[in-house]
Amino acid sequence: PTSRLPQVGTTIFTVMSALAQECGALNLSQGFPDFALPSALTDAVAHHVRAGHNQYAPMAGVVTLREAIATKVLASYGAKVDAGNEVTVTSGATEALFCAIQAIVQPGDEVIVFDPCYDSYEPAVTLAGGQVVHVPLAAPAFCPDWAQVSAVIGPRTRAIILNTPHNPTGSVWSAQDMQQLQQRVRDTNIFLISDEVYEHIVFDGCRHESVLRYPELAARAFVVSSFGKTFHATGWKVGYCIAPSALSAEFRKIHQYVTFSTATPMQFALADFLSACPQHWQTLPAFYQAKRDRFCSLLDGSRFSVKPSSGTYFQLLEYSSISHEHDVALASRLTREAGIASIPVSVFYRQAPSDLRLLRFCFAKDDATLDAAAAILQTL
Ligand code: PMP
Ligand code: GLN
């Protein structure tokens, strides 16, 4: 059969986690915590399974969860969203991104993304018949170059996909970036898809610039987040999409035929937890900043160069003093020979710079894991 996605292989996250497991390596590759989720959340899900919340949830999501999400975005960003028509619960942010893209992209449309770029965007655009236009973020800060964005916007531009805090680099967009974006899309029909799954993981007093803080942007945006990141439960695969009601209506037309609805007891548990512990997500910046700082200070004196990380739970390490291997080869070799798995950054580019020597390490790990990882990295 002819492939609908001829350029696509198996995602790097699957490849590296499988290799880590096969080699018994420390797995700092795929982004997920190796510690437990809040026990109130575990208890709540057990409660709802026993209480019989085990059949289909409403297509758009359990009402109390959608209300809790609306309360959270009002508290976080001052944004008033209608839980009935503007919030849709999805099976992870991945599903939300896919549905948003299918809802708006038509054959011949162009969608602008920033490289290095999370790997699920492009295949979704391709399946919708669209064309991805890649704009590189320049090292070392990995901030958008707005002149380049202006240069690629044209009559076929249907959407811009942004991701802040940014996976894999840890860069965070500023208020000036948001204003630049606002200027670029004003008086156009361009939609925004804003991937904000790391919205609550920002460091050094940085503020997350959600699209929801900017009414002019929010009016044309699908804002996507994930409870996997915020509540240490990536395996639950519960996320959501916030969009104006006309856009949400189109979004739901797709969502109802992709998954129809999302796991019911998880939604009830998240709703309970959000109302019982509304402060939990406010503890995340300090919690993850301490992990970042621990990991980075343990690398003092190593031959890696530690790159700035202002958000997410990822740390880039530059390795040109250690090796001139391609990052994919090095990540594989370190997993096999040194017992530590990471993610090579070049896979997130359409065309990676030839001198790119970066590996991504996930520091959403117990301190003991970070200590063991740093001890290995110090020997390289
Ligand atoms: N976008 C980005 C930038 C991510 O890092 C992730 C998580 N890996 C996702 C989307 C997908 O989130 P989820 O696991 O909720 O589908
Ligand atoms: N978003 C996670 C990461 O960047 C992985 C998600 C996945 O495995 N699909 O590591």
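## Reading helix contacts, sheets and ligand shells

Mentor: In this predicted model, helix H2 (residues 39–50) packs against H11 at an angle of about 135°, and the axes of the two helices are 8 Å apart.

Trainee: How should I read that angle between H2 and H11, and what is it called?

Mentor: An angle over 145 degrees would count as roughly antiparallel and one of 65 to 115 as roughly perpendicular, with oblique covering the rest, so H2 is oblique to H11. The crossing in which H2 passes H11 is right-handed.

Trainee: Which residues make the contact of H2 with H11?

Mentor: From H2 come Ala 40, Leu 41, Ala 44, Val 45, His 48 and Val 49, while H11 supplies Pro 265, Met 266, Phe 268, Ala 269, Asp 272, Phe 273 and Ala 276. Sorted by class, this contact has eleven nonpolar residues, one polar and one charged.

Trainee: Which helix packs against H11 at an angle of about 35°?

Mentor: That is helix H3 (residues 63–77), which packs against helix H11 (residues 264–276) with the axes 8 Å apart, and the crossing of H3 and H11 is left-handed. On the H3 side the contact is made by Thr 64, Leu 65, Ala 68 and Lys 72, and on the H11 side by Gln 267, Leu 270, Ala 271, Leu 274 and Ser 275. The classes in the contact of H3 with H11 are five nonpolar, three polar and one charged.

Trainee: At what angle do H4 and H10 pack?

Mentor: Helix H4 (residues 92–104) and helix H10 (residues 245–258) pack at about 125°, again with axes that are 8 Å apart, and that angle makes H4 oblique to H10. Their crossing is right-handed. The contact draws on Glu 95, Phe 98, Cys 99, Ala 100, Gln 102 and Ala 103 of H4, and on Glu 250, Phe 251, Ile 254, His 255 and Val 258 of H10. Of the residues in the contact of H4 with H10, seven are nonpolar, two polar and two charged.

Trainee: Turning to the strands, how do strands of a sheet pair?

Mentor: The general idea is that strands of a sheet pair through backbone hydrogen bonds, and that they may do so either parallel or antiparallel. One case here is an open sheet of seven strands, in the order S2-S8-S7-S6-S5-S3-S4, whose pairing is mixed. Its edge strands are strand S2 (87–90) and S4, each of which pairs on one side only, and neighbouring strands of this sheet are turned by 20° against each other on average, direction ignored.

Trainee: What is the strand order in the open sheet of four strands?

Mentor: That order is S9-S10-S13-S12, and the pairing is antiparallel. Strand S9 (305–306) and strand S12 (343–344) stand at the edges with a single partner strand each, so one side of each has no neighbour in the sheet. Two bridges join S12 to strand S13 (residues 358–362), and the two run antiparallel; here Ile 343 stands opposite Arg 360 in S13.

Trainee: Where in the backbone are there cis peptide bonds?

Mentor: One joins Ala 139 and Pro 140, with omega at about 0°, and Pro 140 is found in the loop between strand S4 (131–136) and helix H6 (146–152). Another runs from Thr 164 to Pro 165, with omega near -15°, and Pro 165 lies in the loop between strand S5 (157–163) and helix H7 (175–185). As a further backbone feature, Asp 187 has a positive phi of about 60° although it is not a glycine, and Asp 187 lies in the loop between H7 and strand S6 (191–195).

Trainee: How many residues surround ligand 1, and which are the closest?

Mentor: There are 14 residues around ligand 1, and the closest are Gly 92, Ala 93, Thr 94, Asn 167 and Ser 226. Helix H4 gives the largest share of this shell, three residues, and by class the shell around ligand 1 has three nonpolar, nine polar and two charged residues.

Trainee: Which residues are around ligand 2?

Mentor: Around ligand 2 are Thr 11, Phe 13, Gln 30, Gly 31 and Asn 167, and this shell divides into one nonpolar, four polar and no charged residues.

Notes: Residues numbered from 1 in each chain as written. Chains lettered and ligands numbered in written order. Predicted model: local features only at pLDDT ≥ 70, side-chain atom pairs only at ≥ 80, totals over all residues. Axes fitted to C-alpha atoms, helices over the stretch in contact; angles between N-to-C directions. Parallel < 35°, antiparallel > 145°, perpendicular 65-115°, else oblique. Left-handed = near helix turned anticlockwise from the far one by under 90°. Contact = placed C-beta atoms within 7 Å. Nonpolar A, V, L, I, M, F, W, Y, C, P; charged D, E, K, R; others polar. Near = placed C-beta within 6 Å. Pairing = 2+ DSSP bridges.
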